[in-house]
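Trainee: I am new to this structure and would like to go through it slowly, one question at a time. Could we begin once it is in view?

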Amino acid sequence: RGTGWSVIAGKEESVIVKKGQGDLIQRITIALLSFLFISLLFFFFRKVYLYQDKLNEAHALYYDLYENAPDMHFSINATTGAIRECNKMFLRNTGFTKEEVIGRPIFELYHQDCREDAQKRFQQFGQTSEIHDVERKVKRKDGSIMVVSLSVTAIRDKNGNVISSRSTWRDITERKKYEET
């Protein structure tokens with residue numbers, strides 16, 4: 001027969017409790033575990049938020065560096081040769097707007113004297129993945145010619161396929177004029 005008392009046994013010790021208090025202890029245990037779980041979730045999401053904030057800061061810093069670099073930076077699609085992205089210096093030196101160049105084949109900006117070689121090297125880019133200090137003539141929007149030094153490295157997908165480029169033009173027009181005199 002029931003005496004009103006029961007034993008709750010645990011790993012470390014046994015506790016004798018009055019009948020009906022076992023439910024209370026279970027509820028307190030569940031409440032404490034819930035509180036602990038919620039606290040851990042809060043801690044985890046706080047860390048995620050802090051890391052996301054740092055990631056956003058790093059992205060803003062990188063974007064500023066890219067946009068305001070002294071050289072002309074752009075990226076082209078490895079299949080089509082279309083310009084995917086460019087920085088402010090690219091736009092400033094060529095005279096085009098972003099809307100006029102994004103999606104446009106890069107070959108249209110090269111002077112006819114170097115366009116064929118540019119297309120040939122583009123076809124080989126999938127194998128070489130790099131181009132360093134190749135001289136090119138670029139046609140600005142106003143029709144004037146700018147001489148640039150071109151350097152390119154590949155951007156690959158997770159399978160190692162070249163998907164686009166990191167490309168840089170350095171304006172060497174003044175240096176070329178000086179060398180010719």
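Mentor: Two terms come first: on a 1 Å grid over the protein atoms alone, a cavity is a set of points where a 1.4 Å probe fits but cannot get out, a pocket is an open set with protein on both sides within 12 Å along at least five of seven lines, and lining residues have an atom within 4 Å of a point. This is a predicted model, in which local features need pLDDT of at least 70 and side-chain atom pairs pLDDT 80 or more, while totals for chains, interfaces and linings use all residues. Residues are numbered from 1 along each chain as its sequence is written, and side-chain values use heavy atoms, without hydrogens and water.

Trainee: Which residues lie nearest the centre of the largest pocket?

Mentor: The largest pocket has a volume of about 270 Å³, a volume being the space filled by probe spheres set on grid points that are joined across faces, edges and corners. Its lining is made of 13 residues, and those nearest the centre are Y62, Y66, H73, F74 and R166.

Trainee: Which element gives the most to the lining of the largest pocket?

Mentor: Elements here are DSSP runs numbered from the N terminus, helices being H or I of at least four residues and strands E of at least two. At least two lining residues come from each of α1 (21-67), β3 (72-76) and β7 (162-171). With four residues, the element that gives the most is β7.

Trainee: Which strands stand at the edges of the sheet?

Mentor: Five strands, paired antiparallel, form an open sheet in the order β4-β3-β7-β6-β5, where two strands pair if DSSP finds at least two bridges between them. A strand at the edge has a single partner, so one side of it is left without a neighbour in the sheet, and this holds for β4 (83-86) and β5 (130-139).

Trainee: Which residue of β6 is the bridge partner of E135?

Mentor: The antiparallel strands β5 and β6 (residues 145-156) are joined by eight bridges. In one of these pairs K137 has V147 of β6 as its partner. For E135, the partner in β6 is S149.

Trainee: What phi does G143 have in the turn between β5 and β6?

Mentor: The two strands β5 and β6 form a hairpin, with five residues between them. G143 belongs to that turn, and its phi is positive, at about 95 degrees.

Trainee: Which glycine takes a positive phi in the hairpin of β6 and β7?

Mentor: β6 and β7 run antiparallel and are joined by nine bridges, and S151 has T168 of β7 as its bridge partner. Five residues lie between the strands of this hairpin, and the residue with a positive phi near 90 degrees is G160.

Trainee: Which element gives the most to the lining of the largest cavity?

Mentor: The structure holds one cavity of 30 Å³ or more, and about 160 Å³ of space lies in the largest cavity. Of its 15 lining residues, I76, F122, I131, L150 and V152 lie nearest the centre. The elements β3, α4, β5, β6 and β7 each supply at least two residues of this lining. The greatest contribution, four residues, comes from α4.
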